[in-house]
Amino acid sequence: MILPGATLGMLGGGQLGRMFTIAARTMGYHVMVLDPDPLSPAGQFADTHVCADYQDAQALAQMAQTCAAITTEFENVPADTLRNLAAHCPVKPSAEAVEIAQNRVAEKSWLRQHGFATAPFAVISTAADLTDACASVGFPAVLKVSRFGYDGKGQARVADLAQAQAAFASMGGEVCVLEKMLNLECELSVVLGRNEAGGIALYPVSENIHEAGILDISIVPARVSAALATQARDAAMAIAQQLDYCGVMAVEFFVVDGDQLVVNEIAPRPHNSGHYTLDACLSSQFEMQVRALCNLPLGATAQHTPAVMVNLLGDIWGDSQPNWAALLRYPQAKLHLYGKQSARPGRKMGHYTCLDNTLETALALAKQIRAAL
Ligand code: ADP
Ligand code: MG
């Protein structure tokens, strides 16, 4: 076990790194954050912010020398960075697991090989591949870049071959996947922590509503049958086991055709849909990340209050701050802002979580606050 007093390394300084840093420092660890942005959200809370690129040899040497263990919040951290650091100290999750999750082709192929249902898809390396994919995938479809897409970026919805060709041409020659557009009944996710001994702690299932490809609202527990929730948690657990995953991860699911589960993607880190755990669970997903990284016993995932989390995107900033007073007057609403200097449309600036005795009243309050902000 790595105990409080040790220094933990965090690759990436975004909001996920910030909330990890707060959890780690609360427990008495020191935190060293690596992020090239001098104003990074996590750097503001870290003991040390190494302001450098993820492949900077000197910065990585400093991390390796100082940190008792290293984790990541940035899905696109170069796998070689994780591999090289792992020669010096424990690195969780492993380069191998991150390499699968950060590449849609590798991820979907891995899922299919291991017997997990995915949307029908085809790998598109050249424009000619699209012609073949028409038959196997069909339209409407979604063309997604294999690497570096997030929050719906690097995706295009296409209705026919001509649109698919135009979209592929606009992706700058990147390898893509063409995925069948599914008629979604709803979207679910499961966050879990897994330690070296193979112990697993599963959080309740979150029901996620997206707007324009970006998570908007998470409702927990998800309003689905107990059987479907169990199925989602079992599938997430099986994926973590078969990846021999160590750390915190999330699995996103689509629900289609009357309660059929399809795996959408895997995140090798805490997840936006797990932010409710900060306020509604005994151990948050960030405390869980500390515990898994340090090989401590895993935390308790029990949810004590129904919760609705709402993302705060830069769109609502305009020239001034949103009307925070309209939110802060409700003691059942918990505000989390990420310390980002500039608000841009689509940029995740913060979130709030409404907690109440019933999901219905929590959801009603969440909507009321949103309208007043
Ligand atoms: P990202 O990495 O940007 O989160 P996702 O693949 O999760 O990319 O897509 C973002 C969202 O777009 C999903 O949560 C879902 O709402 C919608 N979406 C993506 N793929 C499909 C699909 N095949 N069918 C229907 N909706 C989809
Ligand atoms: Mg997603």
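Strand β2 and strand β3 (residues 48–50) run parallel and are joined by three bridges, two strands being counted as paired if DSSP finds at least two bridges between them. Helices (H or I, at least four residues) and strands (E, at least two) are DSSP runs, numbered from the N terminus. The model is predicted: local features need pLDDT of at least 70 and side-chain atom pairs count only at pLDDT 80 or more, whereas totals for chains, interfaces and linings use all residues. Residues are numbered from 1 along each chain as its sequence is written, and side-chain values use heavy atoms, with hydrogens and water left out.

On β2 (residues 30–34), M32 has T48 as its bridge partner in β3 and is itself the partner of G9. The latter contact belongs to the pairing of β2 with strand β1 (residues 7–11), which is also parallel and comprises five bridges. Together with helix α1 (residues 15–26), β1 and β2 make a right-handed β-α-β unit; right-handed here means that, with the strands pointing away from the viewer, the path from the first strand over the helix to the second runs clockwise. Four of the five residues of β2 are buried, that is, under 20% relative accessible area, with exposed meaning over 50% and partly exposed in between (1.4 Å probe, protein chains only).

Aromatic contacts come next. Rings of Phe, Tyr and Trp (its six-membered ring) pair if their centres lie within 6.5 Å; planes under 30 degrees apart count as stacked, over 60 as edge-to-face and the rest as tilted. Y54 is buried at 10% relative accessibility, while F74 is partly exposed at 28%. W317 and W324 form an edge-to-face pair, at 5.5 Å and 70 degrees, and both are buried.

Finally, the second largest pocket is lined by 13 residues, of which D216, N311, L313, I316 and R370 lie nearest its centre. On a 1 Å grid over the protein atoms alone, a pocket is an open set of points where a 1.4 Å probe fits, with protein on both sides within 12 Å along at least five of seven lines; lining residues have an atom within 4 Å of a point. β12 (214–220) and β15 (307–313) each supply at least two lining residues, and β15 gives the most, with four.

Key:
Chains lettered and ligands numbered in written order.
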